[in-house]
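Let's take a walk through this model, starting with the overall layout and then zooming in on a few strands.

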Amino acid sequence: MAQHHIIIGGGPVATNAIETIREFEANGSQITLICDEPAHSRMALPYWLADQIPREHTYTADDDFYQRLNVETRIPERVQSIDPGASTVQLAGGDALQFDNLLIATGSSPLSPPIPGLDLPGVQSLWSLADTESLLNEANSLKKPRVLMVGAGFIGFIMLNAMYKRGWQLTVVEREAHVLPRMLNASAAGLVKSWLAAKGVGLHSGTTVSSISQGDGSSKVVELESGEKIEADVVIVATGILPNVGLLDGSGITTDEGIVVNDLMQTNFPNIYAGGDVAQGPVLHSDQTAMHPIQPTAVDHGRIAGANMAGHEVHYPGSLLMNVLDVCGLQCASFGEWSDSSAEAITISNAGGYVYRDMLWRDDEMIGAIFIGRAGDLGMLTDVGMVKGILQTGTRFGEWKAHVKENPFDIRRPYTALKVAQQLAGTTLLGRAAKPRQYRFGGHEATVPPNPSHKVYVSTK
Ligand SMILES: Cc1cc2nc3c(=O)[nH]c(=O)nc-3n(C[C@H](O)[C@H](O)[C@H](O)COP(=O)(O)OP(=O)(O)OC[C@H]3O[C@@H](n4cnc5c(N)ncnc54)[C@H](O)[C@@H]3O)c2cc1C
């Protein structure tokens with residue numbers, strides 16, 4: 001009898017798992033996708049917010065796509081609970097569905113800190129399609145919205161950049177001593193701080209918001225711990241995320257920080273898989289597991305889970321922590337064990353020129369890095385790509401380490417000499433060449449024509 005795969009979620013884990021199951025399975029199976037939102041890519045939301053793409057370009061599947069891949073959809077519906085013993089999921093609408101294999105790809109949700117006034121109109125998170133739409137509606141009636149963002153983390157700053165592109169007036173409040181505390185060290189964050197000041201973005205770090213109250217008209221008054229009061233039209237709460245594990249209550253599925261999975265993406269129940277933001281999975285070149293709530297990890301997890309659900313055993317080597325960010329024109333990147341204070345560091349810093357590099361080593365192996373540079377600094381951008389490849393392959397530098405110490409701007413020579421590109425070219429996640437995604441915007445035209453250099457990436461071919 002045909003296997004029944006149930007997938008909960010409609011993000012990159014789910015869509016990649018569906019395509020991989022169809023690519024790898026020997027016999028046709030039944031796939032049911034259950035999600036409370038249309039399938040879309042959250043990382044495309046900032047482009048919609050910045051008015052660079054229409055809403056439809058954030059979608060990653062449509063009815064035609066599901067029909068072609070023979071997927072039954074229950075959208076928008078929610079799964080309320082899971083019973084591994086009976087192999088069933090209980091839907092909020094009342095139905096119970098039986099599965100042979102289940103993939104939990106429910107992602108994560110923004111935290112709601114205990115700040116009085118969070119329920120006021122114009123105070124919101126900025127995480128989903130609905131959040132983005134609500135902010136765009138709010139901003140529509142204002143000439144130059146004053147936006148205050150609570151929290152200065154990776155995702156918050158991605159959305160901050162989109163609002164900066166629109167010319168909005170921006171202020172950020174961060175509880176920690178410096179911005180991007182889970183992505184940059186204090187020195188690197190110092191460059192970001194002065195860059196933000198030069199770009200007219202207000203920053204209050206080392207303080208918290210004690211309350212939000214209604215001001216004149218639709219404006220809000222945000223009071224800081226210090227007693228300072230700031231007026232804003234919109235308050236965005238971006239103080240962190242938590243994995244969506246509520247549906248596991250009473251199921252016996254093991255969780256730690258997230259759902260614990262092995263290198264096949266299996267939970268403690270072999271026919272129940274998990275991946276993406278909700279999962280705590282293997283880490284590259286390590287025997288640890290960790291939460292890496294980023295798109296590349298979600299895509300990898302979806303493809304590995306899909307292959308294994310289709311009966312094709314593939315082991316995951318683990319994800320590499322990486323955050324690459326444009327802060328209002330300043331490029332920031334960090335990789336791997338960038339915060340390991342016990343590692344040997346090769347550091348260069350030119351704060352006035354907005355250049356910073358911190359490469360961390362264990363013997364002759366680079367284990368983590370932080371890079372900061374201006375958008376036009378081509379050397380920095382190509383080096384960031386090469387360093388990512390070096391970390392992914394775990395290349396040992398041997399005598400080339402001394403060269404990097406002497407010439408920290410010359411990554412290209414060791415990258416070439418140590419044949420990192422050849423190692424990368426010979427590596428595939430699933431043991432065969434990846435196929436391009438099978439959905440291309442469902443024929444929706446862009447509202448803004450792509451510029452010539454961008455066109456090649458967004459062509460519908
Ligand atoms: C604004 C924004 C920008 C981002 N930009 C980047 C970036 O530039 N680079 C990067 O690497 N990462 C980025 N990310 C992070 C990246 O989008 C996530 O890591 C990725 O979406 C995780 O994929 P997922 O499939 O695990 O979960 P999601 O994409 O969150 O999808 C999970 C889906 O499941 C649904 N769901 C949850 N519970 C249930 C339930 N009980 N029943 C039914 N459905 C349910 C959710 O509503 C959601 O639609 C960004 C995230 C955001 C919010």
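This is a predicted model: local features need pLDDT of at least 70, side-chain atom pairs count only at pLDDT 80 or more; totals for chains, interfaces and linings use all residues.

Residues are numbered from 1 along each chain as its sequence is written.

The protein chain splits into domain 1 (4-109 + 242-309), domain 2 (123-239) and domain 3 (329-425), with bounds that come from an automatic or database domain assignment. Between the centres of domain 1 and domain 2, taken over C-alpha atoms, there are 31 Å. Where these two meet, 10 residues of domain 1 are in contact with 13 residues of domain 2; contact here says that the C-beta atoms, placed from the backbone, lie within 7 Å. On the domain 1 side, helix α2 (residues 45-49) gives the largest share, 4 residues. That side is made up of 5 nonpolar, 3 polar and 2 charged residues (nonpolar is Ala, Val, Leu, Ile, Met, Phe, Trp, Tyr, Cys and Pro; charged is Asp, Glu, Lys and Arg; the others, Gly among them, are polar).

Now for the strands. Helices (H or I, at least four residues) and strands (E, at least two) are DSSP runs, numbered from the N terminus, and two strands pair if DSSP finds at least two bridges between them. Strand β20 (residues 279-282) pairs with β18 (residues 259-260) in the parallel sense, over 2 bridges, and Q280 is the bridge partner of V260 there. β20 also pairs with β21 (residues 289-290), this time in the antiparallel sense over 2 bridges, with P282 opposite T289. The β20–β21 hairpin has 6 residues between the strands, and H285 takes a positive phi near 55° in this hairpin.
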